[in-house]
Amino acid sequence: MPPDGSPLAWLYVLVALLYLVGFVASSALALVSLPLLARGWRALPRRARVLLLAGIVSAAALPLLRLAPAVADMHRWWLD
């Protein structure tokens with residue numbers, strides 16, 4: 001964590017909070033979207049199905065990509 005005197009301390013904290021909220025929100029999005037999509041597949045318009053599928057895929061892929069070895073260096077740098 002940067003020292004309190006750093007002008008970028010607030011930016012660092014803001015980005016870290018957004019990162020954590022995004023991690024939780026993406027999981028919640030997948031948990032809500034999957035049953036909604038499964039229940040009303042035929043009743044939903046094509047555009048809504050595509051948006052729900054994109055949300056589910058991104059909600060599943062992003063946390064996995066964050067844990068990938070290729071991104072480990074970036075995490076180590078960010079959390080340093």
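User: What percentage of the 80 residues in the protein chain do buried residues make up?

Analyst: This is a predicted model, in which local features need pLDDT of at least 70 and side-chain atom pairs count only at pLDDT 80 or more, while totals for chains, interfaces and linings use all residues. Residues are numbered from 1 along each chain as its sequence is written, and side-chain values use heavy atoms, leaving out hydrogens and water. A residue is buried under 20% relative accessible area, exposed over 50% and partly exposed in between (1.4 Å probe, protein chains only). Here, buried residues make up 18% of the 80.

User: How many helices and strands does the secondary structure of the protein chain come to?

Analyst: Helices (H or I, at least four residues) and strands (E, at least two) are DSSP runs, numbered from the N terminus. The protein chain has 3 helices and 0 strands, in the order α-α-α along the sequence.

User: Which residues of α2 are buried, and why do they line one face of the helix?

Analyst: The arc is taken from the directions from the helix axis to the C-beta atoms. In α2, R49, L52, G55, I56, A59 and P63 are buried. Viewed down the axis of α2, these buried residues fall within an arc of 130°, so they line one face. The face turned away from that buried side carries the exposed residues R46, R47, L51, V57 and L64.

User: What do the buried residues of α2 pack against?

Analyst: Contact means heavy atoms within 4.5 Å. The buried residues of α2 pack against α1 (9-39).
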